Amino acid sequence: MKLIVGLGNPGKQFDNTRHNIGFDSVDLIAEQFDSSLTKQKFNGLYGETIVHGEKVMLLKPLTYMNLSGECVRPFMDYFNVSLDELVVLYDDLDIPPGKIRLRQKGSAGGHNGIKSLIHHLGTQEFNRVRIGVGRPTNNEPVVKYVLNRAAGDEKALLEDAIKKTAQSIEAWITKPFLEVMNVYNR
């Protein structure tokens, strides 16, 4: 079984913001896998499907970003998901818009959702797809920047990154994460 977790914040005011690119990626993956996130457990919205003969679960924690681990840890325990079957999708300020980076482990890098996951999982060693949203260039505070929506060329770049994320996840269903990482981190 594979568990794909997209990080974001619940509520219409956060829809399609930079910080919710993990949610947006899970939504596209669900659509491509002919699944829907209609079930609720442990304060998370989830769905399940079969892809290439593999059971796949998609999860969007509804705990707000900074408390994501409070949903993911009990979810993994309940469904008996191991760390190597987990991948987390989230926004990253240090990667340019349109780019993605896959990692097998690492620090939170200042991302509070990842800090929460590391705390609740008790390890930094879990698969992740960091989706670039870039940094503000006009002295806009970071919090305001990530909670705003992109427009124009930047919006197109973020949509492309979401598509790349979905492609990398589909590849991961049948291939080792390291192999997929080597392809998508070029």
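Trainee: How many residues does helix 5 have, and how far does helix 5 reach?
Mentor: Helix 5 (residues 152-174) has 23 residues and reaches 35 Å from first to last C-alpha, close to the 33 Å expected at 1.5 Å a residue. The expected span is 1.5 Å times one less than the number of residues. Helices are DSSP runs of H or I with at least four residues, strands are E runs of at least two, and both are numbered from the N terminus. The model is predicted: local features need pLDDT of at least 70, side-chain atom pairs need 80 or more, and totals for chains, interfaces and linings use all residues. Residues are numbered from 1 along each chain as its sequence is written, and side-chain values use heavy atoms, without hydrogens and water.
Trainee: Which residues make the contact between helix 5 and helix 6?
Mentor: The axes of helix 5 and helix 6 (residues 177-184) come within 9 Å and cross at roughly 150 degrees, with axes fitted to C-alpha atoms over the stretch in contact and angles running from 0 to 180 degrees between N-to-C directions. K164, Q167, S168, A171 and W172 of helix 5 meet F177, V180 and Y184 of helix 6, contact being heavy atoms within 4.5 Å.
Trainee: Switching topic: why does V88 count as buried?
Mentor: Because its relative accessibility is 0%; buried means under 20% relative accessible area with a 1.4 Å probe, protein chains only. V88 lies in strand 5 (residues 86-92).
Trainee: What does V88 touch?
Mentor: Leaving out residues up to four places away in sequence, V88 touches V5, L7, I114, L117, F126, N127, R128 and V129. The C-alpha atoms of V88 and R128 are 4.5 Å apart, at 40 residues along the chain.

Methods. Buried < 20%, exposed > 50% of the residue type's maximum accessible area, 1.4 Å probe, protein only.
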